Amino acid sequence: MKNLKLKFLPLLLVLGLVLNSCEAVQNTNNSQRGAGIGAAAGAGLGALIGKNNRALGAIIGGVVGGTAGAIIGKKMDKQAEEIGQALPGAEVKRSEEGIQVILDETSEIKFAYNKSSLTSDAKQNLKKVIKVFEEYPDTNILILGYTDGVGSQAYNKPLSQKRAQSVADYLTENGIKSSRLTVEGRGKEDPRYTNDTEEGRAGNRRVEFVITANEKMKAEAKAEAGE
């Protein structure tokens, strides 16, 4: 019996760390979250959360934590505010050391049913956020594409990839380095609204930006923090 307990002890410790980390994420503000989640715990928690929320999982998986994380968090606070001003119709969320920008029908960066091309209005609105991206070159941008729930995932995932790629191509055409960008199609996963109504399906046809610190920003923040 003693040996059995010892075998389960590491698992119990891991579960305790994950549960405590989840509680910490829910009960702190954005800057505190960046300071409070360690890099190792963040990576494990990010993988866990990423199964259900790709954007939040990517943000938490890349945290630095400590004082350096708080420094990065303050920079992200400012960038998030500027993105919100540039795209008042977009939903901008600050999480830990990153930013999630949700572009759906309210932001005028939307996609028609079964289409992946950008409209002229979408391009004009993307130009506004490109200016903010240029001001903060030391960030990585994950572009997630989504579809509504009509049809199979086998069909929808490539379509969502094309939507995300359309946005990435437009960003690079307008001066954003391709090395900053990662593109991922999620298909009909992670729906934000019900797929039982046309309005809900339109809201699910979207692209999201996930903005995180690159290695240069992390190194500078650690140097400033003396870590």
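Two strands are said to pair if DSSP finds at least two bridges between them, and strands themselves are DSSP runs (E, at least two residues), just as helices are runs of H or I with at least four residues, numbered from the N terminus. The model is predicted, so that local features need pLDDT of at least 70 and side-chain atom pairs count only at pLDDT 80 or more, while totals for chains, interfaces and linings use all residues. Residues are numbered from 1 along each chain as its sequence is written, and side-chain values use heavy atoms, with hydrogens and water left out.

In this structure, 5 strands form an open sheet with mixed pairing, in the order S1-S2-S5-S3-S4. S1 and S4 are the edge strands, each pairing on one side only. Within the sheet, S3 and S5 pair in the antiparallel sense over 7 bridges, and Gly145 stands opposite Val207 in S5. Helix H6 packs on the sheet and touches S2, S3 and S5, where contact means heavy atoms within 4.5 Å.

| Element | Residues |
|---|---|
| Strand S3 | 139-145 |
| Strand S5 | 207-213 |
| Strand S4 | 181-185 |
| Helix H6 | 120-135 |

Terms used:
Axes are lines fitted to C-alpha atoms, for helices over the stretch in contact, and angles run from 0 to 180 degrees between N-to-C directions.
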